[in-house]
Amino acid sequence: MTFFFLLLTLVILIALHLSSVQIITAHTFPPVVLIASTIALTVILGFPQSLLPILFLIVATESITSGRIPFSATYFILAAYTTSFVMKRTLIGDRTGLSFFMLAAFAGGVSMGFPIFQELLWWFGLQESFLSLWYWFSWGTLATTWLSGFCAYLFIFWALNACEKVIQDIRQDAQFSLR
């Protein structure tokens, strides 16, 4: 039951990503919903437990959109590891209100870093670039990317945290019914 609930949650996130990319902007945009989902899953579940849902999210989304898994999918794993590293080394992991907004700001920063990562992959010949890096050096584009990552994290963390609490309740009820 909890597996299907988690699967349903991930499918809803994929649908949100696929529907919001074209609505937010007419041009290519970083996958802020996937980035915010990656960071929120890492915060809620921890790094080792979040890898399987993150991989499913990436593989399913990339299979639907492009039919192949690009090398830039490693960015999400790096974002999850960086989130875990920062949470363990600083006071962000204590789950206060300030740390919540700091993680949202971090999600905005990670969203801004995605085009740079894409450009580095192009530079090393690992992937074709989707936009010129010089496009991203305008303040409007940077601010829009950061703000959309910030807002997406606030919403997605709230939704995933609520889903995780329901999963915990289902597991507790199943454990009590066995006794």
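Analyst: What follows sets some computed values against the definitions behind them. This is a predicted model, in which local features need pLDDT of at least 70 and side-chain atom pairs count only at pLDDT 80 or more, while totals for chains, interfaces and linings use all residues. Residues are numbered from 1 along each chain as its sequence is written, and side-chain values use heavy atoms, with hydrogens and water left out.

User: How many helices and strands does the protein chain have?

Analyst: The protein chain has 6 helices and 0 strands, where helices (H or I, at least four residues) and strands (E, at least two) are DSSP runs numbered from the N terminus. Along the sequence this reads α-α-α-α-α-α.

User: Why is Thr38 called buried?

Analyst: Thr38, which is found in helix H2, has 2% relative accessibility and therefore counts as buried, since the term means under 20% relative accessible area, with over 50% called exposed and the range in between partly exposed (1.4 Å probe, protein chains only).

User: What does Thr38 contact, leaving aside its neighbours within four places in sequence?

Analyst: With those neighbours left aside, Thr38 is in contact with Ile54, Phe76, Ala79 and Ala80, contact meaning heavy atoms within 4.5 Å.

User: What makes up the largest nonpolar core?

Analyst: The largest nonpolar core has 38 residues, and the term stands for a set of buried Ala, Val, Leu, Ile, Met, Phe, Trp, Tyr and Cys residues joined through side-chain atoms within 4.5 Å. Those with the most contacts inside this core include Ile35, Phe76 and Ile156. H1, H2, helix H3 (47-65), helix H4 (74-89), helix H5 (97-123) and H6 each supply at least two residues of this core, and H2 gives the largest share, 10 residues.

User: How many cavities of 30 Å³ or more are there, and what lines the largest cavity?

Analyst: The count comes to 1 cavity of 30 Å³ or more, a cavity being a set of points on a 1 Å grid over the protein atoms alone where a 1.4 Å probe fits but cannot get out. The volume of the largest cavity, about 60 Å³, is the space filled by probe spheres set on the points, which are joined across faces, edges and corners. Its lining residues, those with an atom within 4 Å of a point, include Leu6, Leu41, Cys163 and Glu164, and H6 gives the most, with 4 residues.

Conventions:
1 Å grid on protein atoms, 1.4 Å probe; cavity = no way out; pocket = protein on both sides within 12 Å on 5 of 7 lines; lining within 4 Å.
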